[in-house]
Amino acid sequence: MGYKVVVAGATGNVGREMLNILAEREFPVDEIVALASRKSLGTEVSFGDKTLKTKDLDTFDFAGWDMALFAIGSDATKIYAPRAAKAGCVVIDNSSLYRYDPDVPLIVPEVNADAIMGYSKKNIIANPNCSTAQMVVALKPLHDRATIKRVVVSTYQSVSGAGKSGLDELWDQTKSIYNPTDSKPPRTFTKQIAFNVIPHIDVFLDDGSTKEEWKMVAETKKIIDTKIKVTATCVRVPVFVGHSEAINIEFEEFLDEDEARDILREAPGVMVIDKREDGGYITPVECVGDFATFISRIRQDSTIDNGLNLWCVSDNLRKGAALNAVQIAEVLGQRVLKKG
């Protein structure tokens, strides 16, 4: 006996990836429905070897459905998530709407799966920001061993984090660089993204940080430990898929780089590729389509007591969004609903 599963926002990048991963991981589905807005009604999407026609999110009745994976943005989620939750369908939400709600668990299954039992307060579970998700997978096993005091992270985030319009803008601008008569001014991004990097993701806050940077701080504290201090600089780079992060960690106790490497090799969801030679590390191009969070360049930071540096790369459409949502669904099934 399997689950009745809803995927809302099924025509977007993340929604399509959710359907792909549900099929790839052979999630126990009895029945599945793909929902979209009216303008995308009837669009065909793939689920394994099946083709699904999208149905109207606005008129859909969630009663009798076990879980709904949402990839529709905060504004639409505000309308439809409470509707689904009230009908008894557990919502796994990819937007930022509920991440900071104390009554909604924020889950990365490799890190804090036990927190899922808090879902019942609102019948909603939140999926973290893509840049946070991969970072906490790397941090948690190290925190368990030596207690993290402070994290300084710089991100190198791909344009797919901004959706299809971000992908299109990089593609179109890159072509236009070689064709001077075909200028493509910025639309999705604030400056030219082709052959450039932009130190600005999401809106600016009063303290000079951006919302993306604030998310990494707040979510890391909620998922791992409120005592951890985090400072982030988030940068958009001309890469189609795959987020990278340079992470500097300060611990309460000394942690040798070799022990850290061994800990990470055994950690769930982590793949260590760390050879001190040309090409002995992972770049975003190599992580696309993979489930793992890749760690490279693990080394001592001699400028502080108990410091380590590492390089962290992951497919942001997978671990940063769709994969994590499906993993939450798996935990929900195994620990709570117990049908599959």
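Author: Contact means heavy atoms within 4.5 Å. The model here is predicted.

Reader: Which residues of α4 and α6 meet?

Author: From α4 come Cys 130, Ser 131, Thr 132, Met 135, Val 136 and Leu 139. From α6 come Glu 212, Lys 215, Met 216, Glu 219, Thr 220 and Ile 223. They divide into 6 nonpolar, 3 polar and 3 charged.

Reader: What makes Asn 309 count as buried?

Author: Its relative accessibility is 17%. Buried means under 20%, so Asn 309 qualifies. Asn 309 lies in strand β14 (residues 307-314). Beyond four places in sequence, Asn 309 touches Ile 247, Asn 248, Arg 297, Ile 298, Arg 299, Gln 300 and Asp 301.

Reader: What makes the pairing of the Asn 309 and Asn 248 side chains a polar contact?

Author: The distance is 2.8 Å. The cut-off for a pair of N or O atoms is within 3.5 Å, with one able to donate a hydrogen and the other to accept it.

Reader: Why does Asn 13 count as partly exposed?

Author: Asn 13, in helix α1 (residues 13-24), has 26% relative accessibility. Leaving aside neighbours within four places, Asn 13 is in contact with Gly 163, Lys 164, Leu 167 and Leu 317.

Notes
Residues are numbered from 1 along each chain as its sequence is written. This is a predicted model: local features need pLDDT of at least 70, side-chain atom pairs count only at pLDDT 80 or more; totals for chains, interfaces and linings use all residues. Side-chain values use heavy atoms; hydrogens and water are left out. Helices (H or I, at least four residues) and strands (E, at least two) are DSSP runs, numbered from the N terminus. Ala, Val, Leu, Ile, Met, Phe, Trp, Tyr, Cys and Pro count as nonpolar, Asp, Glu, Lys and Arg as charged, and the others, Gly among them, as polar. Buried means under 20% relative accessible area, exposed over 50%, partly exposed in between (1.4 Å probe, protein chains only).
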